[in-house]
Amino acid sequence: MYSSYFPPEFSGAARQALLLARELRRLGHSVEFLTVRRAGLAAREQIDGFQVTRLEAGRGRKHRELKLWWNMLCFLFARRGDFDVLHSHGAYYTNAIVGPFARLLGKRSVVKASLAQDDLHQGPRSLVNWAHRLFLRRVDVCVAISRQLKQEFEALGIRPERLQSLPNAVDDVHFHPVSADERARHRVRFGLPPDRPIFLFAGVIDERKNINWLADVWCAQDAFGSQGLLLVLGPQSRDDPSGLLTCRLQALQAQYPDRLMWAGSCDDPRDRLQAADAFILPSLKEGLPNALLEAMACGLPCVAARSSGNAELVVDGETGVLYEAADVDSLAAACSWALSAAGREAGGRARQLVERKYSIRSLAERYAGLYRDLFS
């Protein structure tokens, strides 16, 4: 499996890759990872029992992928007797090269698109766009995790027989609802107020997630009269190297300590999800968000902006509530609904939906079947 970013770097696509790999290993498959080597990280190491090899990319500003591709091809050629399938978690131009490489080596390839209006984005006509389309057409199976990504693959000319719809998944054994007593214990552990509503946001602190807008309006509108605390959980974004967005959160927290708490990043958000009353995701675009799946698995009422990915997971009024992105009145009504009896009932239905459609155990079986079909 190839992922451009990999732990200890934060990546939603890599989290899904590791989740799938663990379950495939349980089914008897052998998985190892390729990724890009970045400063301070070892060329080879074991993560969660999987071999991870980091490959050097070019150091210039342009076409750094050429050195990466050369190193990848050399590695794959040397190891050609050790694997059957190349599976890329990401469908960007740099990722799609796995299609031609697999064909050259007599192997099979899978490319999964993770983010709408991003992985497959085609700007003005250029040689890069032409190469991206060409590479994707050499891939054996393209995986779309949402309806919008399926449409984006189709727009690039991917034939129906080479296109599969397979969602992201969640470990619904690890992420699960808890009793009121256990929720109270989690709140004590994390220093959270015992008797106030807690809305949790989990995700990288970047512009796409729209978390700074949410924090601003939450504090300015006095939590929409809910007396709630907005608990923000997530790392600083690679796209914000100066930390401007996280500094804004810290400044708001200092000004409104009874309304906002930024808890930084953590490897596993489960216990904080189980401490919360509701989950809120203001993203402007998504693939099929991990954090929303995890919150649903924990039985939380979910409030999400009506955008790609979110609107596919949340059945409005049934398993959560959607609000119009960047609409303060719509958000306020959604937060009020989440704390109502109807919201709590929706959290239970969200858990049932996850068990039925998004469990990692069933998804891994489907991927195992996909891999087998590549050789039939």
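Two strands are counted as paired if DSSP finds at least two bridges between them. On that basis, the predicted model contains an open sheet of four strands. Their order is β4-β5-β6-β7, and the pairing is parallel. The edge positions are taken by β4 (85-89) and β7 (163-165), each of which pairs on one side only. From one strand to the next, the twist averages 20°.

Strands of a sheet pair through backbone hydrogen bonds, in either a parallel or an antiparallel sense. Here, β4 and β5 run parallel and are joined by five bridges. Within this pair, Ser-88 stands opposite Val-111 of β5.

Strand β5 spans residues 108-113. The strand is mostly covered, with five of its six residues buried. Pairing between β5 and β6 is parallel and extends over four bridges. Val-110 has Val-141 as its bridge partner in β6. To get from β5 to β6, the chain runs through helix α4 (residues 127-136). That β-α-β crossover is right-handed too.

Strand β6 covers residues 141-144. Three bridges link β6 to β7, and these strands run parallel.

Conventions: Residues numbered from 1 in each chain as written. Predicted model: local features only at pLDDT ≥ 70, side-chain atom pairs only at ≥ 80, totals over all residues. Heavy atoms only, no water. Helix = DSSP H or I, 4+ residues; strand = E, 2+ residues; numbered from the N terminus. Axes fitted to C-alpha atoms, helices over the stretch in contact; angles between N-to-C directions. Buried < 20%, exposed > 50% of the residue type's maximum accessible area, 1.4 Å probe, protein only. Right-handed = clockwise from strand over helix to strand, strands pointing away.
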